Amino acid sequence: MAEVKKTTPGGAGAPGQGRSPGGGWTRFVTARPRLTLLVALVLTALAVLAGGGVADRMGSGGWEDPAAESTYATKTLEREFPGSQPNLLLLVDTAEPGAAGDTGATGAGPAAGAAAVDAPAVAAEARRLAERLAAEPGVEGVGSYWSTGSPALRSEDGRQAVIAARIAGEEKAAAAVLDRIAPEYRGTHGPVRVSLGGGLAVRHEMQTVIQEDLLRAELIALPLTLVLLVMVFGSAVAALLPLGVGIVAILGTNAVLRGITEFTDVSVFAQNLTTALGLGLAIDYALFVVRRYREELAAGADTHTAVRTTLRTAGRTVLFSALTVAVSLSAMLVFPQYFLRSFAYAGIAVVLLAATAALTLLPAALVLLGDRVNALDLRRLLRRGRPRRTGDGAGWARAADLVMRRAPVFAVLTTAGLVLLGLPFLGVKFGTADDRQLPVTASSRVVQDQLRDGFPGNPGGGITVLAEGPATPAQYADFRERITVLDGVARADGPVTTGSGGAGHAYFTVVPEGETVGDAAQRVVGELRSVPAPFDTSVTGQSAVLVDSKDALAERLPWAAAIVVLATLLLVFLLTGSVVIPVQAVVLNALSLTAMFGAVVWVFQEGHLAGLLGFTSTGDIETTLPVLMFCVAFGLSMDYGVFLLSRVKEEYDVTGDHEHSVRFGLRHTGGLITAAAVILAVVMVAIGTSRVTNTKMLGLGVALAVLMDAMVVRSLLVPSVMKLTGRLTWWAPAPLRRFHDRFGISESDASGPAPDPEGPRPSGERRETATARR
């Protein structure tokens with residue numbers, strides 16, 4: 001095949017394209033492939049050692065804004081009034097010992113003949129437990145129904161009561177104390193049975209469940225992924241290469257996260273993203289590289305030439321794709337909540353490691369394997385007696401022709417369908433994560449359910465108003481009267497006072513009407529913050545934390561969106577040299593997410609399919625989840641978009657034929673993108689089998705978004721829109737064309753593309769003039 005001069009949409013030559021900026025890197029990784037693989041093996045082994053036990057160093061919180069008023073108030077109350085912020089609750093049940101096991105699940109009530117909480121034997125044992133708990137190192141602020149007589153600490157049927165305490169210290173230290181003391185208190189003690197609840201117990205159990213679920217997800221995803229890869233490649237040898245890249249990326253990211261935990265908090269939820277993206281993106285990149293390598297071999301190239309060409313073409317696309325995904329995930333760094341920032345740490349690390357492994361380990365392995373990359377073709381057994389299929393991708397070419405012939409119909413109907421699927425999101429309600437994220441059988445969830453259903457006030461679930469500064473009893477009483485009469489306030493207790501360094505401190509407990517974090521409670525938070533007082537006040541509690549978290553997200557969301565959009569526009573322009581395609585990419589990627597957001601509200605907020613999927617709907621969506629899902633799903637959509645656009649651009653540079661290039665790009669990447677999307681969806685669905693609702697929502701939601709993007713947006717919407725925009729698709733002002741000529745990135749290879757299965761093209765298709773381009 002004669003070499004064809006490639007030009008840009010401006011008609012001028014593209015000095016930045018056709019060069020091989022990765023030539024030195026290609027020589028480096030292929031000159032000593034065995035040494036490259038040996039070094040990678042050693043580094044992976046070190047990563048296993050460095051990343052071991054990383055989950056134990058992670059936290060299970062991170063939804064609050066550390067600079068918020070509620071966070072300040074919480075820390076001050078922890079210091080001045082440890083008993084006001086209990087994070088450990090001992091539910092003391094007077095049922096007969098052993099009546100319902102040691103989990104505290106009493107069902108409809110205690111066994112017949114059980115003593116009430118005020119019985120002398122029960123009271124004596126409860127006081128003994130409280131005294132013993134108060135003597136434990138790291139435990140402070142111990143109080144109980146038997147010491148305070150508070151009706152909020154006693155169940156309405158009089159069969160259960162609560163001992164409340166606070167385990168001091170940061171999250172990991174507090175969890176270590178809980179691990180130490182929990183076995184000593186959980187279970188039967190004389191006439192009572194004790195179960196553990198409270199925020200700390202819930203978070204600790206959630207962390208345990210997530211680790212167990214992650215292991216199960218990996219055991220599900222790995223064999224299924226291998227089967228799918230064998231179906232895609234046929235060769236068992238080729239199928240193992242992407243899986244190896246994914247494992248290296250996951251192990252390396254765990255080591256990176258272990259290092260990050262030395263400097264800042266990292267959420268345990270981020271490990272799920274590590275597994276999903278580590279397998280998914282590594283497989284995407286490896287699929288792209290191995291597929292291109294096999295194309296070059298089929299075209300008659302020798303092993304080294306095929307590897308060099310693959311790295312100059314597909315390798316550049318992989319690197320470019322990794323940058324786009326990493327930029328999308330980096331947008332979460334602008335938010336103050338460490339829950340979101342953790343996903344940025346994990347996501348950026350795993351994406352870059354996956355790309356590095358795909359561009360380092362794969363070329364070295366391919367040099368050693370040569371033609372043996374096609375060995376162990378398991379599909380040969382299925383083809384026995386039947387001729388081998390030819391014309392790879394012909395079905396995608398026919399589909400592209402059909403879509404482009406009816407472009408207006410496909411564009412309008414597909415867009416309308418995606419918008420309709422997203423309409424439920426207009427009714428989204430934001431909430432906060434609580435114990436109902438856990439399965440109904442989780443011991444801490446059982447305790448919290450009993451507190452929620454059987455007690456007149458949920459201990460630790462109200463709104464707390466901190467008062468700072470000198471004040472008289474009359475001023476405190478006047479302030480209490482002002483907050484008691486507010487709409488939505490069921491009861492106000494306090495003040496509880498103390499003195500510290502000459503500055504008075506006090507707090508009031510406000511019980512809102514309805515749900516602890518419902519709309520009414522959130523309105524009460526705003527009204528409490530506007531009540532005038534002769535001292536400084538700050539409000540905290542679950543509803544206040546939610547209000548502050550929503551405000552922080554709303555404040556930073558425009559910045560995050562700007563990072564994603566502007567970076568996408570710039571990167572896609574560098575790839576294509578067009579100012580139209582980047583705008584298309586942003587709009588179409590956003591449309592691909594509508595089904596995900598609509599499904600999240602319809603399923604998880606409204607509770608449809610809750611029984612089938614095994615979760616409890618709380619009537620809202622955790623505030624940070626939509627942000628997280630947007631950044632992840634948008635990045636993955638860009639990943640597939642880059643794969644398609646790079647092949648379209650490569651062909652357009654050769655032929656100048658717009659419609660042919662779109663058909664060519666879809667023909668050569670349609671099957672690849674679909675296979676990659678199905679494999680990634682399998683991994684995300686495996687993550688979605690988690691018993692924790694947020695993780696289930698993330699896994700299933702992103703799986704839906706990936707499938708919609710690959711099978712609807714890339715197959716129907718992209719070719720129809722590109723047909724409608726025609727040659728205008730490639731337009732750019734002259735200054736930007738010159739900028740792209742110098743700095744642009746392309747998959748185009750100076751040696752020419754692999755043979756087109758459509759056959760030789762007419763010479764007219766190769767002719768391209770500046771006038772036609774314009």
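These are my notebook entries on a predicted model of one protein chain.

**Ground rules.** I number residues from 1 along each chain as its sequence is written, and my side-chain values use heavy atoms, with hydrogens and water left out. Since the model is predicted, local features need pLDDT of at least 70 and side-chain atom pairs count only at pLDDT 80 or more, while totals for chains, interfaces and linings use all residues.

**Whole chain.** I found 26 helices and eleven strands. Both are DSSP runs numbered from the N terminus: helices are H or I with at least four residues, strands are E with at least two. Of the 774 residues, 56% are buried (buried is under 20% relative accessible area, exposed over 50%, partly exposed in between, with a 1.4 Å probe and protein chains only).

**The sheet.** I looked up an open sheet of five strands, in the order β2-β3-β1-β5-β4 with antiparallel pairing. Two strands pair if DSSP finds at least two bridges between them. The edge strands, β2 (139–144) and β4 (187–189), each pair on one side only. From one strand to the next, the twist averages 25°; such angles run from 0 to 180 degrees between N-to-C directions, and axes are lines fitted to C-alpha atoms, for helices over the stretch in contact.

I then checked β1 (residues 88–93) against β3 (residues 160–167): six bridges join them. L91 has V162 of β3 as its bridge partner.

Helix α14 (residues 443–454) packs on this sheet and touches β1, β3 and β5 (192–197). Its direction makes about 100° with that of β5. Contact here means heavy atoms within 4.5 Å.

**Two helices.** How do α7 and α14 pack, at what angle and how far apart? For α7 (residues 199–233) I got an angle of about 145° with α14, and axes 8 Å apart. On the α7 side the contact is made by A201, V202 and E205, and on the α14 side by S443, S444 and Q448.

α7 itself has 35 residues and reaches 49 Å from its first C-alpha to its last, close to the 51 Å expected (1.5 Å times one less than its number of residues). G234 follows α7, with a positive phi near 80°.

Most residues other than glycine have a negative phi, and most peptide bonds are trans. I noted that the peptide bond from G494 to P495 is cis, with omega near 10°. P495 lies in strand β8 (residues 489–500). L609 is not a glycine, yet its phi is positive, near 70°. I placed L609 in the loop between α19 (594–605) and α20 (610–613), where it is partly exposed at 42% relative accessible area.
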